[in-house]
Amino acid sequence: MADIKLIKLTEQLIDIPSVSFSEGRIADFIFEFLSECSHLKVQRIGNCIIAENIVDGREATVCLAGHIDTVPPNNNDKSHYSDQKLYGLGATDMKGGIAVMLKLAVNLVKPHFNLKFIFYPCEEVDNKHNGLRQLYEADLNYLSCDSAILLEPTNGIIEAGCQGVVKLKILVKGKRSHSARPWMGLNAIHRSYKVIQGIADFKEMRPIVDSLEFRETFQAVLVSGGIATNVVPDESVITASYRFAPNKNSDEAVEYIKNYLGLFIESSLGDKIEVLDVSDAAYPGISNPILNRIVSITKEVRPKLGWTDVAFFSKLNVPAINFGPGDSSLAHSEDEYVTDVQLCNVYDSLFKSLEN
Ligand SMILES: [Zn+2]
């Protein structure tokens with residue numbers, strides 16, 4: 001295959017529409033692109049493509065993974081260049097990363113490790129559709145490896161592990177009455193003040209995990225309540241999001257935050273805490289010898305403040321990092337872009353880390 005120009009390949013990928021649930025064409029493209037390489041074993045499971053390079057004498061396997069879907073277009077479905085920047089839907093998140101993966105898959109013919117490249121759909125929608133989750137649930141062998149790199153945009157800086165999330169609903173109860181006679185009722189909206197204040201006063205913790213400083217936060221994100229303008233409300237609901245560091249597992253995080261909220265609710269009045277959703281945190285694992293090879297080349301490492309798909313690998317006890325081209329703060333924006341320099345830097349670092 002002729003020398004692959006990363007920026008050209010990213011442009012080609014942007015021009016194949018692949019909004020979540022419509023990844024068929026881009027999966028076809030990736031499958032055909034990689035099937036030309038005799039050193040790769042390529043398989044397709046739905047719109048997931050897995051390409052493996054098993055090299056004689058290598059024991060450890062490194063997995064590189066990236067999602068092939070995008071959010072819906074926002075006047076940016078066609079790529080264009082301006083001022084050395086390639087604009088277009090998914091330029092940052094994450095067709096640039098997919099282009100880097102494709103070039104690595106083609107050029108690392110005899111790498112230092114066995115390599116597995118996973119291209120998967122439906123990351124930008126509800127987590128239950130996530131292609132990596134589908135693979136994880138179908139057969140653990142699909143994701144099995146010794147360390148993993150997710151090429152989500154990180155500005156070419158290693159972002160290790162990820163935070164976990166607990167989403168909770170806090171039901172604050174009261175008693176209905178006419179608003180002209182509030183002494184006959186109990187105002188649930190007024191009572192919810194104490195819970196909101198408690199969440200606002202949550203003292204941010206900064207635990208050090210694997211030598212990286214994470215930040216734990218707790219935020220009220222939705223509030224509802226009230227019946228009518230002449231009724232004292234009997235219920236108010238606060239939805240809150242607790243982001244925890246990987247020094248806690250999910251059960252510990254749930255218990256911790258429920259105990260904290262317990263200080264501000266009154267069970268005797270019927271107040272309740274309901275856990276809506278829990279996502280695991282992922283241990284950074286940068287001391288893992290394979291990931292350490294990448295760290296020693298890129299130098300800069302920070303903790304991932306947010307949740308990413310590295311958590312799927314963590315479930316399998318596989319250390320994983322986020323490392324990809326493009327500025328993550330541009331993801332999902334109308335003017336997302338990626339540059340050739342960003343693409344080449346990530347490609348070069350990974351090539352050097354993985355080559356023999
Ligand atoms: Zn993404």
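Student: Into which domains is the protein chain divided?

Tutor: Into domain 1 (6-161 + 282-354) and domain 2 (164-279), with bounds that come from an automatic or database domain assignment. A word on the model: it is predicted, so local features need pLDDT of at least 70, side-chain atom pairs count only at pLDDT 80 or more, and totals for chains, interfaces and linings use all residues. Residues are numbered from 1 along each chain as its sequence is written.

Student: How many residues does the contact take from domain 1 and from domain 2?

Tutor: It takes 14 residues from domain 1 and ten from domain 2, where two residues are in contact if their C-beta atoms, placed from the backbone, lie within 7 Å. On the side of domain 1 that touches domain 2, the largest share, three residues, comes from strand β17 (residues 301-303). Strands (E, at least two residues) and helices (H or I, at least four) are DSSP runs, numbered from the N terminus.

Student: Nice. Now, what makes β3 largely enclosed by the rest of the structure?

Tutor: Seven of the seven residues of β3 are buried, so the strand is largely enclosed. A residue is buried if 20 or more other C-beta atoms lie within 10 Å of its own, exposed if 12 or fewer, and partly exposed in between, with C-beta atoms placed from the backbone. Thr-61, Cys-63, Ala-65 and His-67 point one way from β3, while Val-62, Leu-64 and Gly-66 point the other way, and all are buried.

Student: Which strand does β3 pair with in the parallel sense over seven bridges?

Tutor: That is strand β6 (residues 114-120). Two strands pair if DSSP finds at least two bridges between them, and seven bridges meet that cut-off. Within this pair, Val-62 has Leu-115 of β6 as its bridge partner. β3 and β7 also run parallel, joined by four bridges, and there Cys-63 stands opposite Ala-148.

Student: Which residues of α7 are buried, and why are they said to line one face of the helix?

Tutor: In helix α7 (residues 289-298), the buried residues are Ile-290, Leu-291 and Ile-294. Seen down the axis of α7, they fall within an arc of 95 degrees, so they line one face of the helix; the arc is that of the directions from the helix axis to the C-beta atoms. Pro-289 and Ser-296, on the other side of α7, are exposed.

Student: What do the buried residues of α7 pack against?

Tutor: Their partners are β3 (61-67), β7 (147-150), β8 (158-160), β18 (320-322) and α9 (340-354). And just after α7, Lys-299 takes a positive phi of about 70 degrees.
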